[in-house]
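Student: I'd like a close look at a single part of this protein. Could you walk me through it slowly?

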Amino acid sequence: MAVPYIFITQKSLPDKEGVQKKVSYARTIANHKANTEELAHNISKRCTVNPADVAAVLYALGDELKTRLKNGEIVELDGIGSFRLIAGTGVVQDPQKVRTKDFTRRRINFLPDKRLKTTLKTLSFIRKKNN
């Protein structure tokens, strides 16, 4: 199955003379959003576990992931990748006065497993009409 893409056209940044040109580039788009129920159903077809049990494990995995990230741990799932919490503050005048509320830049970083990353090399793409 191919990954769909569309073309986006917009004005470029101004050049030295202040002239903006139209530029086009391709951008991938999602053609489907798989939810937990669908994943559980499909996973159950590949093993001896029923969909309800798979879903229960996926929900428990989500809870475990939250707990581990809250503890500052890296969570590594073989064949999928690793998740880690990254947080930071703005400029700090007095390190002794840094508090939890000062960590405003919070995000979860995902680094794909090498095996998952290799699928990028085998992707094919198909153009879809822009709406």
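Student: In which strand is Phe-110 found?

Tutor: Phe-110 is found in strand E5, which covers residues 105–112. Strands are DSSP runs of E with at least two residues, helices are runs of H or I with at least four, and both are numbered from the N terminus. A word on the source: this is a predicted model, where local features need pLDDT of at least 70, side-chain atom pairs count only at pLDDT 80 or more, and totals for chains, interfaces and linings use all residues. Residues are numbered from 1 along each chain as its sequence is written, and side-chain values use heavy atoms, leaving out hydrogens and water.

Together with Ile-80 and Leu-116, Phe-110 makes a nonpolar surface patch of about 230 Å². Such a patch joins nonpolar side chains (Val, Leu, Ile, Met, Phe, Trp, Tyr) within 5 Å, from residues with over 30% relative accessible area and no salt bridge, while like charges are joined within 9 Å. A salt bridge here is a side-chain nitrogen of Lys or Arg within 4 Å of a carboxyl oxygen of Asp or Glu. The areas come from the Shrake-Rupley method with a 1.4 Å probe, and for residues only the protein chains shown count as cover.

Let's move to a partner of Phe-110. Phe-83 lies in strand E4 (residues 81–88), and Phe-83 counts as buried because its relative accessibility is 17%. Leaving aside neighbours within four places in sequence, Phe-83 is in contact with several residues, among them Ile-108, Asn-109 and Phe-110, and also Leu-65, Leu-69 and Leu-77. Contact means heavy atoms within 4.5 Å. By comparison, the C-alpha atoms of Phe-83 and Ala-26 are separated by 29 Å, and these two residues are 57 residues apart along the chain.

Finally, step back to the whole protein. Its secondary structure comes to 3 helices and 6 strands, running β-β-α-α-β-β-β-α-β from the N terminus on. Of its 131 residues, 13% count as buried. The radius of gyration of the protein is 22 Å, whereas a compact globule of 131 residues would have one near 14 Å; this radius is taken over C-alpha atoms, and the globule rule is 2.2 Å times the number of residues to the power 0.38. Along its principal axes, the C-alpha trace spans about 65 × 55 × 25 Å.

Methods:
Buried < 20%, exposed > 50% of the residue type's maximum accessible area, 1.4 Å probe, protein only.
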